[in-house]
Amino acid sequence: MRSTTIIYLSKSRLHVKPRVTLLGLNWKLNLNDDFSCSPILRLAPNMSSILPIIIYLFALFTHSHSQSQSQSQSQSISSPTICIIGSGIAGSSLAHFLRSYSPPNSPSSAARILLFERNDIVGGRMATVTISGETFEAGASILHPLNYHASNFTRLLNLKPRTPPTSESSLSLGIWNGSKFVFKTVTSHSKNPFVQKIVSFANSLYMLLRYGFSLFKMNSFVEVTVNKFLKYYQSFETRPTFETVDEMLKWAGLYNLTTCTLHDELVNVALTPLLVQELVTVITRINYGQSVYISGLAGAVSLAGSGGGLWSIEGGNRQMASGLINRSDVELHLHEEIYSIFNLGEYYELSSTKGRSYMCEVTAIATPLDELNIQFTPPISIPERHLQHTHATFVRGLLNPGYFGLQTVSEIPELVGTIEEPDLPFSSISVLKQHNETDMTYKIFSRKAMPDSLLESIFSVRKETIRINWAAYPHYKAPEVFAPFILDGKQLYYANAFENAASTMETSAVAAENVARLILSRHFGEGSSRSSNLMSSFSDDKLLHSDL
């Protein structure tokens, strides 16, 4: 009888039972689908004739496995993974700059970009709120006319800039000290452009009489600071990359402003105490929720954010982040928080709250670390920093004139700012929209949550209330100490290190651009494929204005 040989390989979970003929022998292969088991060979007694076949099959399997590994390693080398934590303006800008600055057909242009956002929507501190079916900015709200990155994003994404109409730009202002208005501009409800111009001129004259030529000194201080900041838009031939915030600020001539308070800077340029105590204080309390004793650069940026030509994105500034992410070919992981970053040498292992792990050659953190609990192995060291919480309260209703010692609602200024008094419960109250004479939408900024009992005394009518607690920006304290852009001397980056200098949408984009250039040069050994002066491309743009 002719002997039959059966080979049973319990190593592949294929459930295939082919019958083949090799070297004149009939073979029946039963390939079970369990790769975890050890292979079992059941051979006929004629071992010497079968052994070469076994060796051949083993060699064939080994070669195929080796080729597969080689291809996998080749893909890993040619397609590195860059992981970005945070989908706000810093994270979305970073992804955009990595894509747009990568040279064509280079390793960086083929990189995978994974972007992680712990919330269920992108945008970070750019957000909107809906009250009675109408949408308003809830987070980062205003853009400066010389914010070139934001302007470029707006054009690139075909977004519509929103500039305040004349009636909005001449809103009435009142400075409240807790018991009375120490300053209040002239109010006119006329929509006639000629009347509005007269009112605006009268208010300018009134402010000049109260604060004197210190107003011009304040504008000059802001203008000098802004002109230094514009160096960050120069071409790459004249603008290096920076590994630390300190050297980035020193290069632009801005570092000294972070070593002393805004108050000291304004005293040095001979501003009157009255202007500092009233108007400057109102501005810093609105924009940063802090006093004039914040560090000087943050204070100058705050003052710049109170000038003319301010704008925003129609439909919400958050669209910049979502638009940049959509066009940057990223793998977006929403509602997935990274809680651990482990340095494995050539890779970083990121572990998420969804029980997943990711291997990344480059990791960039584009969100403030101050209130996150990411575990770093090995540990990193950054200066301790506290975030300033701003409570934004939105109310649909009507203010109570009696709370301000007035008789009618029409006497209340459209923007109520406050001076630095410990007992004042809010920083500002502003009218977002007037629906009719007895129905308006307001936004209140405060350092603490506004309880219902307090709102009941401030408002005579309250139809709807929405509260948001923002970990909005750093608590500024001169002299500032900065975390580095490179956290471990390798490929772990921190875009939000720049926030200790100033926190705005534009400064986040500026820092993200620098980090993108660092990654391209340090990890890939590449220069940027683009090198243009960003300012020159906007010289004739109607969106931008040179006034402050």
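**Exercise 1. Determine which residues Glu336 touches, leaving aside those up to four places away in sequence, and whether Glu336 is buried or exposed.**

Solution. Step one is the list of neighbours: with contact taken as heavy atoms within 4.5 Å, Glu336 touches Phe116, Glu117, Arg118, Ser352, Thr353, Lys354, Arg356 and Tyr358, residues up to four places away in sequence not being counted. Before going on, note that this is a predicted model, in which local features need pLDDT of at least 70 and side-chain atom pairs count only at pLDDT 80 or more, whereas totals for chains, interfaces and linings use all residues. Residues are numbered from 1 along each chain as its sequence is written, and side-chain values use heavy atoms, with hydrogens and water left out.

Step two places the residue: Glu336 is found in the loop between strand 14 (331–334) and strand 15 (338–343), strands being DSSP runs of E with at least two residues and helices runs of H or I with at least four, each numbered from the N terminus. Step three turns to accessibility: Glu336 has a relative accessible area of 1% and is therefore buried (buried means under 20%, exposed over 50%, partly exposed in between, with a 1.4 Å probe and protein chains only).

**Exercise 2. Describe the open sheet that has mixed pairing, and identify its edge strands.**

Solution. The open sheet has four strands in the order 17-16-15-19, with mixed pairing, where two strands pair if DSSP finds at least two bridges between them. Strand 17 (357–360) and strand 19 (375–377) each have a single partner strand and so stand at the edges, with one side of each left without a neighbour in the sheet. Strand 15 and strand 19 run parallel and are joined by three bridges; in strand 19, Gln375 is the bridge partner of Ser340.

**Exercise 3. Characterise how helix 3 and helix 13 meet, by the angle of their axes and by the residues involved.**

Solution. First, the axes of helix 3 (residues 148–156) and helix 13 (residues 505–522) come within 8 Å and cross at roughly 90°, the axes being lines fitted to C-alpha atoms over the stretch in contact and the angles running from 0 to 180 degrees between N-to-C directions. The two helices are therefore roughly perpendicular to each other (65 to 115 degrees; under 35 counts as roughly parallel, over 145 as roughly antiparallel and the rest as oblique). Finally, Tyr148, His149, Ala150 and Phe153 in helix 3 meet Glu506, Ala509, Val510 and Glu513 in helix 13.
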